[in-house]
Number of protein chains: 2
Amino acid sequence: MNKRYQVVGIGNAMVDVLCQVDDAFLSRAGVEKGIMQLIDMPRAVALYGQMGPAREVSGGSAANTIAGFAALGGRTAYVGKVRDDQLGAIFAHDMRAQGADYETPFAPAQTTEETGRCMVLVTPDGERSMSTYLGVSEHLSPTDIDPAQMAQAEWLYLEGYRFDGPESHAAFAKAISATRAAGGRVSLTLSDPFCVKRHRDAFRAMIRDHVDLLFCNQHELLAMYRNATLDEAMDEAASEIDIVACTASEQGAWVLAGGERHHAPAVATSVVDATGAGDLFASGFLWGMIEGRPWAECARMGCIAAGEVISHIGARPEADLKALMARDRLG
Amino acid sequence: MNKRYQVVGIGNAMVDVLCQVDDAFLSRAGVEKGIMQLIDMPRAVALYGQMGPAREVSGGSAANTIAGFAALGGRTAYVGKVRDDQLGAIFAHDMRAQGADYETPFAPAQTTEETGRCMVLVTPDGERSMSTYLGVSEHLSPTDIDPAQMAQAEWLYLEGYRFDGPESHAAFAKAISATRAAGGRVSLTLSDPFCVKRHRDAFRAMIRDHVDLLFCNQHELLAMYRNATLDEAMDEAASEIDIVACTASEQGAWVLAGGERHHAPAVATSVVDATGAGDLFASGFLWGMIEGRPWAECARMGCIAAGEVISHIGARPEADLKALMARDRLG
């Protein structure tokens, strides 16, 4: 198989607004720690007004994964919706400048909503708490999915967060259908435990019918399978999905594939900002898998990419990921 | 004197677009290393298209100084023009969230120009090369200067870059007049050696008639006074200005005041991004001076603030400047 794209990602396109705060700020502002909460524009304006000075870095979960995959040298494209405003221009620039194709049409100029943004509050422990105004990213529709592009994907990478939104399921169904019809395979990331709770039945149905590779962390997997232990949840997931890649923060990551379980340790680093850890794990893992490496090495490559992104503010890679892999003799 | 504001700054309001590049990129893109070049929108679009993924952080030279001064606990306000677009909202938020007053009216919605931005290319040696699209920041006019606010300033802080622009000289004259009439004093930063060359006569006239405190680096001072050596240039400046604060990168900073010369060494740090070094030197110096400290300590406080901002990407302080001063027993 030598398709134009090794991975095509679909998700909520947005720009992150990153600000370091203390835990007391989260309480005062009513932000629940460690998860992603959806907010509307009035709440976004109010929360921003309470926040200190911030930095803006392109984000979006699947977009981060695709940016990392492109940084590793992968052939890749991204699908997600922004508007033709300044934040939309920043998002589009950063995606293309990283080497990924990005051709999703802008939301119409007459729309009242803006490019989505995620207020990322980073506490001194490195944990991130996200408040997301979806904006026009919510309106990705089936017409934004180009079946010819999907047919050119070895792997489709679907963002769980994208299940929030009126036409998202139809857009995903169109993408999956076109990808599979051309022999491509489908991966899904569960994104967030509360996202799993909101969309558990839809996720279960998609997993049962379509998903070849599942990305998750321990909290998301337990929310999905409701087992008593992570071991049981991983085994149940592995019974219905070819490949399960489950991260567990400082415990590293497991891969369940071909009836076996593989493990890679986390990369020792001081956690400055956990934003994008799971996203970049997926970048490294996908790159290893497409290079045909053993599963434990794929997981190790995921941990290396995740380790880079949590060592600084922002969810896009800053260091040379290829060089980091080479230093670990995985380049 | 117990005025509402210890410092009121006036300058070009803008958002920095920061990108790490190698020296070959500067050559290819036609960007001269280490200085600030003015560019128009088509050039900004073309250059941005060549750049890699970037980060957006509020900038603007005097705005950085005022942000740092506010971070140190100073009573301060900023005057500079943005539009009511997304970058303008980011700029205004970051200024107010840092604790500075910022009430300059937005540029009218019908203007075709946008909020200014500065493409900051950072090379591996930590040097920054800036390409500035002034946008609406260029149109700060005398009507944007509130004489009542200027009368409430112990110190006015004028940005040399702001001499570029049709009504800037008139705006500065109005601000100086209102400040001095109420007993306030005037400081000026020379900003950039090429800026000095563009506006040398205007700078000389302003210095002769109005400036009590001059901020500069060695290159700017030599461009201004055209002496053979820095020593001679510093002496000539001191002969016509009460206080001269001159930085010289890793050689630290000199203060010439009251017929004496004082020196502070630079703070040992690895230079990640030199953007804002001079701006934050001014923040720390002004704070020390307003606290009534000896000149060498004022310069030391400037060097500490500058040392913080060059240790990371972006020209706004990220660490707690007050805590850094306290660690040096200057808090």
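The contact between the two chains takes 19 residues from chain B and 19 residues from chain A, two residues being in contact if their C-beta atoms, placed from the backbone, lie within 7 Å. The model is predicted: local features need pLDDT of at least 70, side-chain atom pairs count only at pLDDT 80 or more, and totals for chains, interfaces and linings use all residues. Residues are numbered from 1 along each chain as its sequence is written, while chains are lettered from A and ligands numbered from 1 in the order in which they are written.

On the side of chain B that touches chain A, the elements giving two or more residues are β4 (55-59) and α4 (86-97) of chain B. Helices (H or I, at least four residues) and strands (E, at least two) are DSSP runs, numbered from the N terminus. The largest share of this side, six residues, comes from α4(B). By residue class, the side of chain B that touches chain A comprises eight nonpolar, six polar and five charged residues; Ala, Val, Leu, Ile, Met, Phe, Trp, Tyr, Cys and Pro count as nonpolar, Asp, Glu, Lys and Arg as charged, and the others, Gly among them, as polar. Of the interface residues of chain B, 100% are also interface residues in chain A, so the copies meet through the same surface.

Strand β1 (residues 5-10) of chain B is mostly covered, with six of its six residues buried. A residue is buried if 20 or more other C-beta atoms lie within 10 Å of its own, exposed if 12 or fewer, and partly exposed in between. β1(B) pairs in the parallel sense with strand β9 (residues 153-159) of chain B over five bridges, and with strand β5 (residues 76-79) of chain B, also in the parallel sense, over four bridges; strands pair if DSSP finds at least two bridges between them. V7(B) stands opposite W155(B) in β9(B) and opposite T76(B) in β5(B).

Helix α12 (residues 295-309) of chain B is likewise mostly covered, 14 of its 15 residues being buried. E297(B) lies in this helix and counts as buried because it has 22 C-beta neighbours inside 10 Å. Not counting residues up to four places away in sequence, E297(B) touches G288(B) and L330(B).

In chain A, helix α10 (residues 230-240) has A233(A), M234(A), A237(A) and A238(A) buried. Seen down the axis of α10(A), the buried residues fall within an arc of 130°, so they line one face of the helix; the arc is that of the directions from the helix axis to the C-beta atoms. D231(A) and S239(A), on the other side of α10(A), are exposed. The buried residues of α10(A) pack against β11 (213-217), α9 (218-225), β12 (243-247) and β13 (253-257) of chain A.

A264(A) is found in strand β14 (residues 260-264) of chain A. With 25 other C-beta atoms within 10 Å, A264(A) is buried. Among its contacts beyond four places in sequence are G252(A), R300(A) and A296(A). A264(A) and A296(A) are 32 residues apart in sequence, and their C-alpha atoms are 5.8 Å apart in space.
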